[in-house]
Amino acid sequence: MTFAAGEPAMLFPAIEHRHRDLRNYPHGVAFMDGQYLPMSEAKVSVLDWGFLHSDATYDTVHVWNGRFFRLDLHVDRFFRGMEKLRMKLPYSRAEIESVLSTCVALSGHKSAYVEMICTRGGSPTFSRDPRQAENRFIAFAVPFGSVANKEQLERGLHVAISNTVRISPKSVDPAIKNYHWLDLVKGLFDAYDYGAETALIVDTNDNIAEGPGFNVFTVKHSSLKTPSYRVLPGITRQTVFYLCHELNLSVTACDVNRDELKSADEVFITSTAGGIMSVTKVDDNSIGNGKVGSVTRRLTDLYWQKHTDPEWSTLISYE
């Protein structure tokens with residue numbers, strides 16, 4: 001490099017040997033590359049296809065009062081997702097469950113949000129061939145978080161329906177949990193612009209699909225419906241089917257249009273991040289009497305009771 005006469009030579013900064021991150025992170029513990037780390041030290045390479053191309057699958061399970069809830073179903077789905085995406089890890093199911101449990105135990109959290117992730121990884125030569133990538137496993141445990149806060153759980157959420165269309169299942173299989181969230185995020189901003197607290201987006205037929213991280217149910221004359229097309233069949237959604245059977249309630253997976261949603265007696269959403277959460281307003285329409293409904297309350301109470309049932313939950317050892 002040459003410089004004009006009298007012009008001072010430019011001094012390049014030194015290449016740092018370690019990355020310094022001044023951001024704040026929730027208290028928790030992560031597992032990466034055979035190491036348990038504080039959340040602030042859990043980093044993914046910028047060359048990982050999970051970052052560059054959203055080429056990853058994941059699953060999230062929650063811990064409540066020191067017990068995993070429905071861990072088996074979450075791990076089942078995680079392995080199905082990896083198989084469909086042609087990913088492989090050097091860990092068995094039992095080893096992954098052990099890692100998740102250890103993350104929670106090391107964090108000390110009795111109620112936690114626990115995630116397992118498999119990214120495509122990358123290749124040492126930056127190859128564009130996904131077959132040459134070294135798939136990567138990451139897990140972490142942070143404090144439990146909910147889609148709805150305490151006030152919203154008590155009064156019910158205000159949801160807006162966005163005109164954003166969910167990604168086609170012919171492009172991305174919705175049964176594989178993934179990070180293709182741009183449609184969901186756009187829906188969220190539409191909802192915020194409307195003055196609502198969260199969003200539902202639609203399918204190509206303009207029927208209700210799902211929201212960012214949750215499924216939705218309607219209740220009409222004590223019968224329940226939930227969208228079936230272009231949605232993730234959530235574990236909490238599946239759990240509601242079991243609970244309905246126990247309570248002798250009718251429940252169907254089928255198309256749900258906008259009018260059905262707005263004219264329902266009750267509406268609620270379901271997510272690992274919060275469980276069963278009432279919706280009392282959709283767009284400008286109050287749902288029912290504008291308060292949390294009786295069917296929603298019955299299902300919610302039974303849902304949380306199941307968290308101590310050893311057939312539904314797994315005890316964590318903190319010692």
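This is a predicted model: local features need pLDDT of at least 70, side-chain atom pairs count only at pLDDT 80 or more; totals for chains, interfaces and linings use all residues.

Reader: OK. How many residues does H3 have, and how far does it reach?

Author: H3 has 15 residues and reaches 21 Å from its first C-alpha to its last, close to the 21 Å expected at 1.5 Å a residue.

Reader: Which residues of H3 are buried?

Author: Ile-96, Val-99, Leu-100, Ser-101, Cys-103, Val-104 and Ser-107.

Reader: Let's stay with Ser-107. What does a polar atom of its side chain lie 2.7 Å from?

Author: The backbone oxygen of Val-104. Both residues are among the buried ones in H3, and Ser-107 has a relative accessible area of 8%.

Reader: And what is Ser-107 in contact with, leaving aside neighbours within four places in sequence?

Author: His-27, Gly-28, Val-29 and Ala-141. Of these, Val-29 falls in strand E1, which covers residues 29-32.

Reader: Where does E1 go from there, and does it run parallel or antiparallel to E2?

Author: Strand E1 is joined by 4 bridges to strand E2, residues 35-38, and the two run antiparallel. Met-32 has Gln-35 as its bridge partner in E2.

Reader: How many residues sit between the strands in that hairpin?

Author: There are 2 residues between E1 and E2, and Asp-33 takes a positive phi there, near 50 degrees.

Reader: Switching topic: how many disulfides does a search of the whole structure find?

Author: It finds 0. Cys-118, for example, is in no disulfide, and the nearest cysteine sulfur, in Cys-103, is 15 Å away. Cys-118 is also buried, at a relative accessible area of 0%.

Reader: Is Cys-254 buried or exposed?

Author: Buried, with a relative accessible area of 19%. The cut-off for buried is under 20%, so 19% still counts.

Reader: Now a loop. Where does Ile-176 lie?

Author: Ile-176 is in the loop between strand E7 (157-165) and helix H5 (182-194). Ile-176 counts as buried, at 8% relative accessibility.

Reader: What does Ile-176 touch, not counting residues up to four places away in sequence?

Author: Thr-57, Gly-81, Lys-84 and Leu-85. As for Glu-83, it is 93 residues from Ile-176 in sequence and 9.8 Å away in space, C-alpha to C-alpha.

Reader: Last one, the overall picture: how many helices and strands, and what box do the C-alpha atoms fill?

Author: The chain has 8 helices and 15 strands, and its C-alpha atoms fill a box of roughly 85 × 50 × 35 Å along the principal axes. Buried residues make up 48% of the 319 residues. The accessible surface is about 16800 Å², with 53% of it belonging to carbon and sulfur atoms.

Note on methods
Residues are numbered from 1 along each chain as its sequence is written. Side-chain values use heavy atoms; hydrogens and water are left out. A disulfide is a pair of cysteine sulfur atoms within 2.5 Å. Buried means under 20% relative accessible area, exposed over 50%, partly exposed in between (1.4 Å probe, protein chains only). Two strands pair if DSSP finds at least two bridges between them. A polar contact is a pair of N or O atoms within 3.5 Å; within protein, one must be able to donate a hydrogen and the other to accept it, and residues adjacent in sequence count only if both atoms are side-chain atoms. Contact means heavy atoms within 4.5 Å. Accessible areas come from the Shrake-Rupley method with a 1.4 Å probe; for residues, only the protein chains shown count as cover. The expected span of a helix is 1.5 Å times one less than its number of residues.
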